[in-house]
Amino acid sequence: MSESRTYLVKTYGCQMNEHDSERISGLLEADGLTRVDDEAEADVIVLNTCCIRENADNKLYGALGHLKGLKEQNPDLQIAVGGCLAQKDRDSVRDRAGHVDVVFGTHNVHRAVELLDHAAEHGPIVEILEATARDDAEAFPSALPTVREVDHAGWLTIQIGCDNSCAFCIVPAVRGPEISRPFGELVAEAEQLAADGVSEITLLGQNVNSFGRDLALGRRQVAASEGGADSDEDLGDAWWCGERWTDDRRARPLFGDLLRAVGAIDGVHRVRYTSPHPKDMRTETFEAMAATPEVCEHLHFPLQSGSDTVLAAMHRGYTAERYLEKLAEARAAIPGLAVSTDIIVGFPGETDADFERTLEVAAAAEYDSAFTFVFSPRPGTEAAELLEADPSLAVPHDVVVERYERLRTVVERSSLKANLSRVGEVEEVTVEGPSKKNPSVLTGRTRRNTLVHFASSDPIKAGSYATVTIVKGNTNHLLGELLEVTIPARHRTRIPVAAG
Ligand code: SF4
C-alpha cells in the first residue's frame with residue numbers, strides 16, 4: 001500500500017471492540033496508512049461492529065447505505081466490516097451490502113491488512129474463522145501494533161471468549177470459548193505500556209475474573225498425559241506472581257495474582273478491570289484488590305436480575321442471596337469500595353414478583369451507579385429463541401417502561417447518597433480534559449470511577465493526577481476544588497480513534 005493512503009475506523013459497541021479497533025488502527029498505520037476523521041477523505045473505512053447492543057443491524061446497514069454513495073463517487077474506496085456482527089452474519093453482510101470489500105470476524109482481526117490487500121488485487125473477500133487458535137500468537141492482541149485512544153490509559157486484553165451461556169448474550173457464539181493469555185506475556189505487555197507512559201491499565205476480558213482457569217486446566221491435562229508429573233519445570237512460569245512464589249502452584253495463576261503483578265510494575269498508578277462475573281468471584285480477588293494499592297476501589301458487579309427464577313432462566317449461576325453475600329465480602333475486604341452493576345428489565349417471563357425482588361436487591365446493594373437495560377432479544381441467543389417459541393413470555397412494553405423507571409429511581413437514590421457521602425473528602429483524580437458540557441472546567445475521574453468537575457486557573461495536561469476537595473455531590477457526578485497536581489502526565493502525543 002502506498003504511504004499516501006488514509007483510513008478511518010468506526011467502532012460500535014463495547015470496550016472489547018474499542019480495543020480491537022485500536023489494534024486495527026495500529027495495523028493500518030504500521031502498513032503506512034494515515035488516520036483521517038472525515039469519511040470523504042478516507043481510502044479505507046473499517047466498521048468494527050457489535051451485536052450485543054440494540055439495533056446493531058440497523059446501525060450497521062444504515063452506515064453502509066451511507067457509504068454506498070461515497071463508494072460510487074470513489075470506486076477505489078475500500079470498505080471493511082469486522083467484529084461480532086460480521087462474525088454472526090458472515091456472507092449475509094455482502095448479500096445486503098454488495099459494496100463491502102472485506103468481511104472479517106472476531107478471530108482474525110490480525111488479518112485485516114492482508115485481507116484489504118487481497119481484496120484490492122482479487123476482489124471482495126469474506127474470511128470468518130470459527131475460533132482463535134490457542135497457539136496462534138498473532139491472533140492475540142499483544143502481537144499487534146496499537147494506536148491508543150487515550151495515551152495515559154491503556155487496555156490489556158487478558159482473555160478472549162467466554163465459557164458461560166447467559167441466555168441473553170451472543171458473546172459465546174461470536175467470541176468462542178475462553179482463552180487466557182500467558183501470565184508472563186501479560187506482565188511483559190503491561191511493563192511495555194508503563195514504559196510508554198501509560199499509568200492506568202484496565203484488564204479486559206468477557207469474564208475477566210475467571211482468567212487463568214483454562215491455563216491451570218491445560219497444565220493439569222499436560223501433567224496427566226505425561227504420567228502425573230507436577231514438578232516446577234512442568235508448570236512453566238504461570239505461578240510466578242509478580243513479587244513472590246506462591247505455595248498453591250497447580251491452581252495458579254489466579255486473577256488476583258495478575259492484579260498484584262500489574263500493580264507492582266513501576267509507573268503503573270491505577271489498575272482497573274472489566275467485566276467480572278459474580279459466580280466466579282473469589283476471596284483471593286478481593287484480597288488482592290485490598291493488598292494492592294494501585295488497584296482502584298471500584299467493582300463492576302453485574303446483577304442482571306434480583307429474582308432467583310429469572311437468574312436461573314438466564315443461567316447466571318448464582319442466587320440473589322449469594323450475590324449479596326459476595327458483595328458484602330467485597331465491601332468488608334476493601335474499604336470505600338464503589339460498586340456498579342448491569343440490570344436487565346423485562347427478561348422473558350419476568351413477573352411483577354420477580355421485578356419487586358430486583359428492586360429489593362438493588363436497594364440492598366446500594367449501588368454507586370448502574371447500567372440498566374430494557375431486555376431486547378438478540379438473534380441467535382437462547383432468550384430470543386425462547387421468545388419466538390412462546391411470544392406470551394414477552395413483558396408488555398408499558399409494563400417494562402414502568403419497571404424501568406422504578407428501578408432508575410432506586411438506583412439514583414443510592415448513587416446520590418454515595419456521592420453526597422464524599423462531600424468534604426479529598427480525592428485523587430486522573431485529569432481527563434475539559435468537560436464536554438462546560439469546557440471552562442476540567443473533568444477528572446476518582447479511583448472509585450466517579451466523574452468530578454473542577455476549575456483550574458492553569459491548564460493541566462490530560463493524564464495528570466491531582467487532588468481535589470469534593471464540595472458537592474450530584475447523582476452522576478461530583479464537583480470539586482483543585483488542591484494540587486500530584487503527578488504530571490508523562491505520556492506521548494495523543495492519536496485518537498474515531499468512535500461510531
Ligand atoms: S458471562 Fe454471560 S454475559 Fe458475560 S460474556 Fe459470558 S455469556 Fe455473555
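Here is a tour that starts with the whole chain and then moves to single spots.

**Before you click**

What you have loaded is a predicted model: local features need pLDDT of at least 70, side-chain atom pairs count only at pLDDT 80 or more, and totals for chains, interfaces and linings use all residues. Residues are numbered from 1 along each chain as its sequence is written.

**The whole chain**

Switch to cartoon view. The chain comes to 15 helices and 19 strands; these are DSSP runs numbered from the N terminus, with helices being H or I of at least four residues and strands E of at least two. Of the 500 residues, 45% are buried. Buried is when 20 or more other C-beta atoms lie within 10 Å of a residue's own, exposed is 12 or fewer, and partly exposed is in between, with C-beta atoms placed from the backbone. Among contacts with a separation of 6 or more, 73% are between residues 24 or more positions apart; a contact means C-beta atoms, placed from the backbone, within 7 Å.

**Stop 1: H19**

Select H19, in helix α1 (residues 15-30). It counts as buried because it has 23 C-beta neighbours inside 10 Å.

**Stop 2: around the ligand**

Which residues are around the ligand? Select C162, N164, C166, C169, V171, P172, Q206, N207 and H277. Each has its C-beta atom, placed from the backbone, within 6 Å of the ligand. This shell divides into 5 nonpolar, 4 polar and no charged residues. For that count, Ala, Val, Leu, Ile, Met, Phe, Trp, Tyr, Cys and Pro are nonpolar, Asp, Glu, Lys and Arg are charged, and the others, Gly among them, are polar.

**Stop 3: two helix pairs**

Two packed helices are described by the angle between their axes and the distance between the axes. Axes here are lines fitted to C-alpha atoms, for helices over the stretch in contact, and angles run from 0 to 180 degrees between N-to-C directions.

Show α7 (residues 183-195) with α9: they pack at about 30°, axes 10 Å apart. That makes them roughly parallel, a label for angles under 35 degrees. On the α7 side, pick F183, L186, V187 and A190; on the α9 side, L258, A261 and V262. This contact has 7 nonpolar, no polar and no charged residues.

Next, keep α9 (residues 255-263) and bring in α10. Their axes come within 8 Å and cross at roughly 10°, so α9 is roughly parallel to α10. Select F255, G256, L259 and R260 of α9, plus E284, T285, E287, A288, M289 and A291 of α10.

**Stop 4**

Go to T274 and S275. A cis peptide bond joins them, with omega about -10°. S275 belongs to the loop between β11 (270-274) and α10 (283-291).

Then try Q304, in the loop between β12 (298-300) and α11 (308-314). Though not a glycine, Q304 has a positive phi of about 70°. Is Q304 buried or exposed? Buried, because 22 C-beta neighbours fall inside 10 Å.

Finish at N449, in the loop between β16 (442-446) and β17 (451-455). N449 isn't a glycine either, and its phi is positive at about 75°. With 16 C-beta neighbours inside 10 Å, N449 counts as partly exposed.

Notes:
Angles under 35 degrees count as roughly parallel, over 145 as roughly antiparallel, 65 to 115 as roughly perpendicular and the rest as oblique. Two residues are in contact if their C-beta atoms, placed from the backbone, lie within 7 Å.
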